[in-house]
Amino acid sequence: PVNFARYSVETVHIGSKNPDHAWDFIQFATSQQNALSFLGRTGRVPALRALVGEVQEDPNVGPFAQQALTAESWYHGRDPDAALLAFEELIADGLASTEPLVESIGRAQAKVQLTIE
């Protein structure tokens, strides 16, 4: 099975005035112990495969954690925020029902395509 995920990748800008401190923070925040603490407080799905076992029995998070093991990114463009906005607008248009759904889908498709080219 393949699942599709949306996730963030942390990095440090090349022009950072304090790159060592920034990388230290990323290492700190993504350590297994701190990630587990964060997950416990937020109810989010672990990004670390090693932590999936910690939440797999949780009825709210477990199914999503299991899917994370086979997840791939569907988006390979340059502007994920614009692509996400296109989907949000598609949903809003569909709920409003002011035009045929096929038109809303076509507009969303065109907006996402612009972020990939």
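1. Threonine 115 sits in helix H6 (helices are DSSP runs of H or I with at least four residues, strands are runs of E with at least two, and both are numbered from the N terminus). Setting aside neighbours within four places in sequence, threonine 115 is in contact with Tyr75, Gly77, Arg78, Asp79, Ala82 and Ala83 (contact means heavy atoms within 4.5 Å).

2. A word on what you are looking at: this is a predicted model, in which local features need pLDDT of at least 70 and side-chain atom pairs count only at pLDDT 80 or more, while totals for chains, interfaces and linings use all residues. Residues are numbered from 1 along each chain as its sequence is written, and side-chain values use heavy atoms, with hydrogens and water left out.

3. Now look along helix H6. Its 16 residues should span 22 Å at 1.5 Å a residue, and the end C-alpha atoms are 23 Å apart, which agrees (the expected span is 1.5 Å times one less than the number of residues). Ser104, Ala108, Val112 and Thr115 are buried in H6. They cover an arc of only 65 degrees around the axis, which puts them on the same side of H6 (the arc is that of the directions from the helix axis to the C-beta atoms). On the other side of H6, the exposed residues are Val102, Gln109 and Leu114.

4. What do the buried residues of H6 pack against? Their partner is H5. Helix H5 covers residues 80-96, and its 17 residues reach 24 Å from first to last C-alpha, close to the expected 24 Å. Here Ala83, Ala86 and Leu90 are buried. They cover an arc of only 50 degrees around the axis, which puts them on the same side of H5. In turn, the buried residues of H5 pack against H6 (101-116). Asp81, Ile91 and Leu95 are exposed, on the face of H5 turned away from its buried side. Just after H5 comes serine 97, with a positive phi of about 55 degrees.

5. Salt bridges are worth a look too, and the count comes to three (a salt bridge is a side-chain nitrogen of Lys or Arg within 4 Å of a carboxyl oxygen of Asp or Glu). One of them joins the side chains of glutamate 89 and lysine 111, at 2.5 Å from N to O. That pair links distant parts of the chain, since glutamate 89 is in helix H5 and lysine 111 in helix H6, 22 residues apart. Glutamate 89 counts as partly exposed at 29% relative accessibility, and lysine 111 counts as partly exposed at 34%.

6. Which residues are linked in a network of salt bridges? They are Asp93, Glu99 and Arg107. The side chains of arginine 107 and aspartate 93 meet at 2.9 Å, N to O. Arginine 107 lies in helix H6 and aspartate 93 in helix H5, so this pair ties together parts that are 14 residues apart in sequence. Arginine 107 also forms a salt bridge with glutamate 99, with the closest N and O atoms 2.3 Å apart. Arginine 107 counts as partly exposed at 33% relative accessibility, and glutamate 99 is partly exposed at 24%.

How values were computed. Buried < 20%, exposed > 50% of the residue type's maximum accessible area, 1.4 Å probe, protein only.
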